[in-house]
Structures are given as structure tokens and as C-alpha cells.
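Biologist: I would like a close look at a single part of this model. Please keep the answer connected and go through it step by step.

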Amino acid sequence: MPEIRVTPLGAGQDVGRSCILVSIAGKNVMLDCGMHMGFSDDRRFPDFSYITRSGRLTDFLDCVIISHFHLDHCGALPYFSEMVGYDGPIYMTQPTQAICPILLEDYRKIAVDKKGEANFFTSQMIKDCMKKVVAVHLHQTVQVDDELEIKAYYAGHVLGAAMFQIKVGSESVVYTGDYNMTPDRHLGAAWIDKCRPNLLITESTYATTIRDSKRCRERDFLKKVHETVERGGKVLIPVFALGRAQELCILLETFWERMDLKAPIYFSTGLTEKANHYYKLFIPWTNQKIRKTFVQRNMFEFKHIKAFDRAFADSPGPMVVFATPGMLHAGQSLQIFRKWAGNEKNMVIMPGYCVQGTVGHKILSGQRKLEMEGRQVLEVKMQVEYMSFSAHADAKGIMQLVGQAEPENVLLVHGEAKKMEFLKQKIEQEFRVSCYMPANGETVTLPTSPSIPVGVSLGLLKREMAQGLLPDAKKPRLLHGTLIMKDSNFRLVSSEQALKELGLAEHQLRFTCRVHLHDTRKEQETAVRVYSHLKSVLKDHCVQHLPDGSVTVESILIQAAAHSEDPGTKVLLVSWTYQDEELGSYLTSLLKKGLPQAS
Amino acid sequence: MKLYCLSGHPTLPCNVLKFKSTTVMLDCGLDMTSTLNFLPLPLVQSPRLSNLPGWSLKDGNAFLDKTELIDLSTVDVILISNYHCMMALPYITEHTGFTGTVYATEPTVQIGRLLMEELVNFIERVPKAQSASLWKNKDIQRLLPSPLKDAVEVSTWRRCYTMQEVNSALSKIQLVGYSQKIELFGAVQVTPLSSGYALGSSNWIIQSHYEKVSYVSGSSLLTTHPQPMDQASLKNSDVLILTGLTQIPTANPDGMVGEFCSNLALTVRNGGNVLVPCYPSGVIYDLLECLYQYIDSAGLSSIPFYFISPVANSSLEFSQIFAEWLCHNKQTKVYLPEPPFPHAELIQTNKLKHYPSIHGDFSNDFRQPCVVFTGHPSLRFGDVVHFMELWGKSSLNTVIFTEPDFSYLEALAPYQPLAMKCIYCPIDTRLNFIQVSKLLKEVQPLHVVCPEQYTQPPPAQSHRMDLMIDCQPPAMSYRRAEVLALPFKRRYEKIEIMPELADSLVPMEIKPGVSLATVSAVLHTKDNKHVLQPPPRPAQPTGGKKRKRASDDIPDCKVLKPLLSGSIPVDQFVQTLEKHGFSDIKVEDTAKGHIVLLQEAETLIQIEEDSTHIICDNDEMLRVRLRDLVLKFLQKF
């Protein structure tokens, strides 16, 4: 029995370290290859030894697909391809291909240069790894090999984020990566056609949340920023360099322009300048409005937002600072946070999800006394606000996508177990499909029943279609033919053609039955009586009286002859071929009962 | 399968393909050579033009339209191969009752929109007080001077469309990506492939599971800015329709670019101005890139370059954002991230300036000597008309023709006598005949279909037998308003066998490697997809109840029995009969075979090579027994 097997190596009932193995029709595909932000030991990367203990990964995996450039989806890629060893193709969209190596390099610098980790991948490894990447365009069907094909759909989550359809013959799996079902200020909404996959693997970060309208959220955000700035406070917005940062920049930029505000907005340096440049060059991946107006005004050229310098953090007066990284777990955002945390006039706005173990997660869960390195305790007096600007689909959005794709089964990853449980029930109730939520290392097996494509000869098909345009539920019409299987070439042809093609002659099997009838009249008259009798019984059949005196029913021939010994008996010769077996047999038994008396 | 040929222009094709009850229009190019029959539309009132004897400015915007070969409202989809080949789109989508979908890539649509916008803008900004159309009447046309007198199908010449029509036409386009498989009604699949000629330019595959038609239109093997041509996917075509080859097969584009640069440099050094009539997108990107590399070494860095078009800015900006549609070198630049085309730097350093028209800012910035890129290449409308009037009288100046669409001599006619130098450097990167024959050898289509112009040498060079398509079997040619029956027969169609049915099949091996299975199944057809499902189980007879009418017993003659094949070895057959309790068997030889007699049962079995005939009394039990014994020796189909 063919089956689809799915095993998450990461992101099974968890957020972070996305890495999902899929086996479909004998092909093995690895979806994403991420790192975990909550760990700094072995657990930060997926356990690739699960795939194969002894063999080479290249022999086992047909391809690797990366959904977008976030490190929890691609952070382990150089480790996987260069240190564990994988030489097969890695597919991603072009923006992902452009931005991914930069984030990987940044990640490497923090790990090696700042934390002093040994045995980490090198810059050269990142370059070598990226050489194995094949760029995929939206909606392009990429033929990985003769049977396996993949296709990318727009996912909206960040620049270049894509959902992928993996297809072998008539079996298919869709992996959403991270996606957003509502268009925002710089990206469009995720979209997929009614592709009816056997399995939809979807993220479920916000499995239980239904977010209020985007406009309200934006108004709240702007109000809070505005109030803080008005009373002379400083606003810290920890973000990742690419993604939400651009979204919030556009939001603040337009607000500043409209309100004519003077307080400075800074963006922590490093990636930013470069990041914005990518957005300018990949305009076709942004939303409709930006694409339409970019010639007149490129939204990613900011007038009010300036580059940040470390010294600015200590300058007096109000300001807004975007700083990386987004979960306050290291780097500049954490430094600024420590400087400003003690002043209740200030505010930190967390615009996205925070992984457990990070400072961001701690302050969001209400902790106000943080233990920092060196046993220092940091008291947080500044206001802490959470605003969901994560570009993930909420529960409504996930349901919407399931409705769009119409999968036979759903599998949840990239979320918390408790929340998944709730969503799983909802999906099973609403769509009447099975929903799975495997933990890491746990395998889900789905039996599939793929249909078999064969070539049908047009003659046979047309003959059949001409006969019955309206299907009759009570008497379904049967198509008869012969399936010729030669190597892997399957053809369905009419039986006559099959015989002809194979050079075989038809063997005709014919029966002739003698039926004795008591009838004193002449043979010709007997024939007439037989004719009128059959005509009255067999109303649906073609009964004919031929000039030579014989009677036919369809292709069955009936002849009347005199009995050689008994003149009062006539012999009916009923002759038919094997193909008319039922009717022939029926006729003999009918005639055996005798003819009705002539009136 | 039929091909309706609506355009006689080999590089601006318009064909309609009927394939599996789907009607597909391949391109809708607009032949604008008819504008050469008109006088230029000047931006500034020109005493010279309006005083030309015998002619007043008539409706200067007329284009060749389609013939009434086919009802265009029956067209299901239109496939566009590049932005030059979609210029007639508004005429079709807005005026024929067309209700289908148009497919094109994003760059094709965006740049096509720019080309149309420019055209409309050029025409609309010089409104004419009156327009004449009565001259199109055949009786009057006869009396007109040549070449108007000889122009064919004048009645199909149309006024230029409006921006509103352009927008409406473009809204019917659905964007597609290279190698995207698009299903049409479940019957046909179409796929665009990179053709290497322009940004987003594509060839198309139109196929079903068993037939494949390739439509090659405007392809290039040269490495300019677009993504390279995808040749491999054209393999195994039943029919390859070949259009859009180079219009100047004798000119080498690289050589022409060199000549362009050197003539430009020479003129400017002598203090003259250079005018380059061009389209706002396409070759201009390559020319700017060449100049970018050339100007410093040629000492031209102080010479201003002006690009004047209502869409100049948009064209330059759009070129930078289509990284995915560019050649590899340009793509890698985007990863840095840097703009893929160096004209960004030319603009930044103020060497290249762009203006929507000669009015406004341009008149303040204008410095001579300079180089001006502007349209339209026909020299009949657009800002180029002004520069021709302005610079034509001085022999210091040069006009360099790079676009191959119009005869430069005809284009220049209304400006004669001219003192300025005229250089003809047509740059046409499309396939030439050598590349075509190499391509055809590579992809090996069963049949090639092309415009008749490609099956003979060009009229001006009738001895050049190398300037025509040479392939085996010879290419089928078409001309305008012809209908071709394409030479292939569809034999097979895809059908899906449901797994439950497949499980129930019993294959038997007939020859080594060849197996057969008889199939009786229910056919379901939906959305042009065919599925075979297992036949329903026969309804269980509801026990005990007597059937009331005799007709209920009448078997349905449509329940077919399989065909039989094989032959019956008489000896074995007789043995089998004996084993089953028949005695008193007599075998007689006949001319063609044998007769087996069962004397007691008065039954006769004639056995021949290809037939068996059982003749018996009306004893159904016996007959069925004999039948089953015979069937044991035969194969069923």
C-alpha cells in the first residue's frame, strides 16, 4: 500500500528548528533546516543522524526545500550540507537565496566571534552551501527528477517566503512554511489554489488567537509610541532586520509625515541599509500598492528614519529605536534595553513572538526582575507592551487556507502543543478531515491510494462517450477494453485493437442449437410466427425478418427447417456467437416454451 | 487540429490554434508599417510639413487589423510571447466580444503597458482638428497616388486605441511564470518558457498528455540581459510553430553595436548631436550598458545622454526590479545587493537624464552636443519628429537607426532633403537561420510550421539559399488569411484507473514483457478528465420473489462478452472431453480442421484454426458444459 510518511525533526509541537522529513511515493524531501533560538547546545540543530546513521544524506534525500530566510527555517543549513554532508539540490525562492547567506553570516558572527563557539560552520561553508541552491520562481513547476516536482506559492510572511507543493504522480503534499493570510503594508496575502493535496502541513503559531483588525492594532501601536514620545520617553522596538522591521518602518514613516513629528527614529545599523536595498530590488514580491507606485515613490526609501549610533542611546530626549534582534536575547536590542529599562517613562514594544528562554519571553510573561550575566539583577520599570505584528496567520487564517487548498489530511507543526490540540479539533470538526500533530521524532503514516494513469485509445473513448452522454445511476454503462502493459507503458484499447496489435487472430466461438417445435405449417409460416412472437416479447431489441426467410434478433440468426422424419415438427436453428451468449441462451429457452397459438 | 493565420508579418505574428476543442490565440502583434504612409505628427507646428504640396495631415494613426477568418469571440485564451507581440491586444479584447483570459509574464505586461502608454501618449498629445476616413473607400483609394493606391486592406486600418481601452485590455491578463503549468479546461496544458529575447519573453508549449505543440516566437541565443533561452523543454514536439526570427539575417548584432558606438563617438567628437530613434525598452538597455563601458575610454564622459519618453523613468525603474527574469550575471548583482543594470549609475552620476517629453524640464537642461534616445522608431510621431526637424539640416549631426522594424529609407522620406548623416545599425538579437537549423537539429520536432517568408530567400537576396529554413521534412508554410490543418492525428487520451479497479485486474503475460488485462469498468468524465471506476456489484436478487414480467428476464445485450483468441488442439480437447465423462467421441478431419462428434448427444463440434462451432440439440446444460471446456483453451480479451 503506498503511503506518505512525515517525521518532524524540529517544529513538532514546538516553535523553532523547523525541519520536517516527508516521504512520498518513494521520494524523500526535507522541508526547512532551521535552528532553535532557545538552545545553544546540540539541541539547537535538528538531529540529522535520524535520517540515516551510516549512509550519505545525499543518497537518501532527493531534495531540500527552504521556505523563507528566517533562521529558525534555514539556520542549520550550512551545518547540514557542509558539516554533516549533503550535495543534492536545495530549493528556495530568489529573495530567500539573496538574504539567507547574510543572516547566516550574521548568526555565525554572533555565535563564533561573540560567544566564542568552536566547531561552528565557517563563512566559506556558508558560501559552499549556497552554491547548492537552485532558485525557484513563484508557480514555476520545478522538475526535481522525472517524477518529483515542486511548485512555490506566495506566502506573504516575509520577503520571498513561499509555500511549497511537493508532487509525485497524483500524490501531493503542501508545506506552508510560515504564512500570513492578511496583506500588510509591504507584503501581499498568502494564496494557494484548490490543489487538493493528500496532506497539508501548516504552521500553527497562532493556533488559538484570532487577531482583531489590523487597523486597530496599528492605531494602538501608533498611539502608544506617540504618547511615549510626547512625554519625552524613549521607545525601543526590538525587531529582526528583515521582515517586521520594514513593515513598522513604513507605518511610522507615514505617521511621522502625517503628524509632522520631529522626534528622531533610528534603526540600528548593520543589516538595515542593505536589507532595505533588497526590498527595493525585489519589488515584485511586495504587495500590489507598492508595486504600483514604486516608480513614483519607493516605499523603502525612508525620510524620517536614520541610522542609529551606539552613543545615541544615552542622549536625552524622546526617540524611537528599532534594534535587532527581535527577542531581546542578545546584541544591540538587549544592550539598549538594559540602559532604558530602569526608567518608567520609557517603553519597549515587542512586535512579535518570543521563544521561551529569551528575555523577550520573560518580560512578556510579566517578569520584572531579570537575572543577567554576572548575577546582576535588572529591574524593569519601563512599560512593556506586546503588539502582535508577526506576519503569521491566525486561527481564522489557518482555517481559511485549509479551506482554500482542500486537503485530505492536515498536519500541524510550528506551534505549541496545547494550542495545536484546540486547532486540531476545530479543523477536524469543520472540514471532516484527519488532523495530526506529531512531536519531534514521531512519524505520521498516511496510506494513499493513487489512481493509475493510462492512455486510452481515442476510438474507444469516443465510442463510449457517444453512447451515453447522460449517466444513468441505475444502469451504469460499462466500458470494455484491454489494458496492454508493455514495460511501463500502459494503454487501454478496444479488444479488437489489442488483438490486432499483438498479431493475434480472433477465435470465433459459435453455437447453433436445434429447437424442436410442434408445428404442422410450412417452414415459412413458422418463421413468420417466430418473428411476430419475438417481436412482441423483445421490445427493446432489433428483431428482423429477412427476405431469405430467416429471423434475426440483433446478430442472432434463427432459421426454420423441416424435420427429416416428423412432418408435424419443425426444427429451429438458433445460431449465435460467444459475444451474444446471454441473449442466445435466453432465446433458446424462450423458443423451447413454444409459440403462442395464432389468433 | 487547425492553425488560422491572421497575420502575414513574420515577426508580428497572430495565429489561432484549435486543439482539443480549445481555441488558443498565439500572440497579437500590431503591424505599424502602415504608418509610414502618413506624414509625421510634429510636436511644434512645422511650416515645412504643412506646406508640402497636395497633402494635408490626415488621420496619422492607422494600423493593420485582423481579417474575418475566425470569430474572435470564440477564442478561449490568448498567449503572449513578448511585449512587442501584444500591441494589438486592445483591438481584440475590447472590440470582438472576446471573453477569455490572456496569459503573459509580469515583465511582458509591465513593459507592454509602457509601450502602449507611450504610443497612446504620442498620438493623443497632437490632436487633429479633423480626420478623414472616406479615402479608405475603394473607389477613392484607386485615385490616390502611390503607394497609398497600392496599399492592401486599407479598410482594416484602425485608429489608435485609448488609454482606457489599454487598461481594460491589460486587466484581462493573468500573470504567469516560466515553467508554470496552466490547465485549460482540463483538456490542454500551456507552459511559458524563457525565450532569451527580451525581459519576460517566452515561447509556449501547448500540450495534452499525448500531443505537444511548441510555439517559438522571438527567441535569442545571444547573451544580452534576459534569462537564456530554454531549449531543452522544446524537445519531442509533434509540431513546432516558428515565428519571430531576425529581420536582418545578414547583420551581426555585436558588430552593429560596435558600429553604433564608433559612429556615436565620431559625431560627438566633431561637435554634432546623435539621435537614436528607439523603443523605450529592450535594446536600449543593452546600448546604455555598452555606452557605460565605452564612454570613459572614448572620452565622452562629459557628453549628456538624454532619454526622452513619457515612460522613460518607468522603463528604467522597471528594468531594475525584474531580477528573476534576467541572465545569471545580472541576477548575481542583485544578491550583493546592487541594481542589475549599470544605467542606475549613469543616472546617479548625471550622465544619463530622462524626461517625459521635450517640454518642461528638458528645455532648461538641454545642452549640445548630446545624444538623444527617443521614439517612435517609425519617425512618424513622438519626440523624435522634433529632433529630426531640429537637427536634419546640419551635416554635423547623425541619426542612428537601431530598431529593425521599419525601413529607414522610408522612415526618412518625408524629411528629405536631409543634410544630417544617417547610419543604419539594426540590432536584432532574434534567431538567425544558422541558429534555427542548429535549434531544429537539437529539438527535433516532427513537423515545422512557419511563415512563407522563411521558406525562401529574402526577395532582395534571392541567391542566398542559406537565408531560409532548411529542415526535414520541409517546413509547412503559411501566409496571411490561410488555414492550415496540422499534420497529426490524436490517438490516445489520458484516463485514470481508480486503485480499487486496478486491484481487481488480472494481468496475464502474452509475450515476454507484454501483459494484458481485460477491463470492464464504469467511465466517469468530468471537466475533460476521464476516470475508470469499478463496476457496481450486481444487485442481489431479492430472495424468493417471483418476477412478474417476462421482459425482466431479457438480458441487456450491451453487457459485452470479451473477444476470444487462440486455437484448440484437438487431441487435448478430446482428452479433456473424455475426462469429463463424454464417451463415444469420434474425430473427423476436414479441409480446414476437425469435427468432433459426440454421437450419443447428437452434438457436433467443428474446430478450425480461428473458429469453433458447437452444434447441438437444445440442451442448455450440455451446451454450457461444452462451452466452458472450449473456453479453457482460449484467451479472453
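How many residue pairs are in polar contact across the interface of chain B and chain A?

Modeller: This is a predicted model, and the interface of chain B and chain A holds 37 residue pairs in polar contact, counting pairs with both residues at pLDDT 80 or more. On the side of chain B that touches chain A, strand E23 of chain B (residues 514-526) gives the most, with 11 residues. That side of chain B is made up of 47 nonpolar, 21 polar and 23 charged residues.

Salt bridges are counted separately: there are five between chain B and chain A. One of them joins the side chains of A:Glu581 and B:Arg623, with an N to O distance of 3.1 Å; a pair qualifies if the side-chain nitrogen of Lys or Arg lies within 4 Å of a carboxyl oxygen of Asp or Glu.

Next, the extent of the contact. Chain A contributes 85 residues and chain B contributes 91 residues. The size of an interface is often given as the accessible area lost when the parts come together. For chain A and chain B the buried area is about 7,900 Å², with 60% of it on carbon and sulfur atoms. Within chain B, the residues that lose the most area to chain A are B:Glu324, B:Tyr335 and B:Asn618, which together account for 9% of what that side buries.

The two chains also pair through strands. Strand E26 of chain A (residues 508-518) runs parallel to strand E29 of chain B (residues 611-617), and seven bridges link the two. In this pairing A:Arg510 is opposite B:His613 of E29(B).

For context, chain A also has an open sheet of six strands, in the order E14-E13-E15-E12-E16-E19, with parallel pairing. From one strand to the next the twist averages 25°. Inside this part of chain A, strand E13 (residues 265-267) and strand E15 (residues 319-323) run parallel and are joined by three bridges, with A:Tyr266 opposite A:Val321 of E15(A).

Helix H7 (residues 244-259) of chain A lies across strand E12 (234-238), E13, E14 and E15 of chain A, at about 165° to E15(A). Helix H10 (residues 331-340) of chain A packs on the sheet and touches E12, E15 and strand E16 (347-350) of chain A, and its direction makes about 150° with that of E12(A).

Note on methods:
Residues are numbered from 1 along each chain as its sequence is written. Chains are lettered from A and ligands numbered from 1 in the order in which they are written. This is a predicted model: local features need pLDDT of at least 70, side-chain atom pairs count only at pLDDT 80 or more; totals for chains, interfaces and linings use all residues. Side-chain values use heavy atoms; hydrogens and water are left out. Contact means heavy atoms within 4.5 Å. Buried area is the accessible area (1.4 Å probe) that two parts lose on being put together, summed over both. A polar contact is a pair of N or O atoms within 3.5 Å; within protein, one must be able to donate a hydrogen and the other to accept it, and residues adjacent in sequence count only if both atoms are side-chain atoms. Helices (H or I, at least four residues) and strands (E, at least two) are DSSP runs, numbered from the N terminus. Ala, Val, Leu, Ile, Met, Phe, Trp, Tyr, Cys and Pro count as nonpolar, Asp, Glu, Lys and Arg as charged, and the others, Gly among them, as polar. Two strands pair if DSSP finds at least two bridges between them. Axes are lines fitted to C-alpha atoms, for helices over the stretch in contact, and angles run from 0 to 180 degrees between N-to-C directions.
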